[in-house]
Amino acid sequence: MPANLTRAELDAILAEDAPFADLFGFVVEEIGEGRARCRLPFSDVSIRPGGTISGPAMFALADFTLWIAVMADVGPVPLAVTTDMTIHFLSKPGGGEDLIAEAALLKSGKRLCVGDVRIFGAADPEETPVAHVTGTYSVPPTAKRL
């Protein structure tokens, strides 16, 4: 199903309300109703000792990707905010490798959206994920659900 958020709407929100996306270098690769796929390019600013992308950068990628999935479901609501997020680090990402996050909503309610995010190394996204994340977003009561 198509997203309830156009690419033009998303680009405007990112330009106006999400300067952190440029800071990390996040790339939105796909959006669909209640789902999103984003990339975190490997960069010296996001690595940890050992040469892999750091846990805080992976958490930011998961949070960002879930935010995009929420807006893809409910429409352009940039004021949707994280209320809860849990991350499980499963394996060490490959050195020098971009990371891919795939988010899907499990439940989209009137005020809360619950989702699941899996983060993979870009070299082989069919491998075991490097992290698994669950999170909940609060949708403002003034949001016009589509």
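Me: What should I know before I start?
Reply: The model is predicted, so local features need pLDDT of at least 70 and side-chain atom pairs count only at pLDDT 80 or more, while totals for chains, interfaces and linings use all residues. Residues are numbered from 1 along each chain as its sequence is written, and side-chain values use heavy atoms, leaving out hydrogens and water.

Me: Which residues of helix H1 are buried?
Reply: An α-helix has 3.6 residues a turn, so residues three or four places apart point the same way. In H1 (residues 7-17), Leu10, Ile13 and Leu14 are buried (under 20% relative accessible area; exposed is over 50%, partly exposed in between, with a 1.4 Å probe and protein chains only). They cover an arc of only 95° around the axis, which puts them on the same side of H1; the arc is taken from the directions from the helix axis to the C-beta atoms. Ala8, Ala15 and Glu16 are exposed on the other side. Helices (H or I, at least four residues) and strands (E, at least two) are DSSP runs, numbered from the N terminus.

Me: What is the order of the strands in the sheet?
Reply: Strands pair if DSSP finds at least two bridges between them. Here six strands form an open sheet, ordered E1-E2-E4-E5-E6-E3, with antiparallel pairing. E1 and E3 are at the edges with a single partner strand each, so one side of each has no neighbour in the sheet. E4 and E5 pair over nine bridges, and isoleucine 100 has phenylalanine 120 in E5 as its bridge partner.
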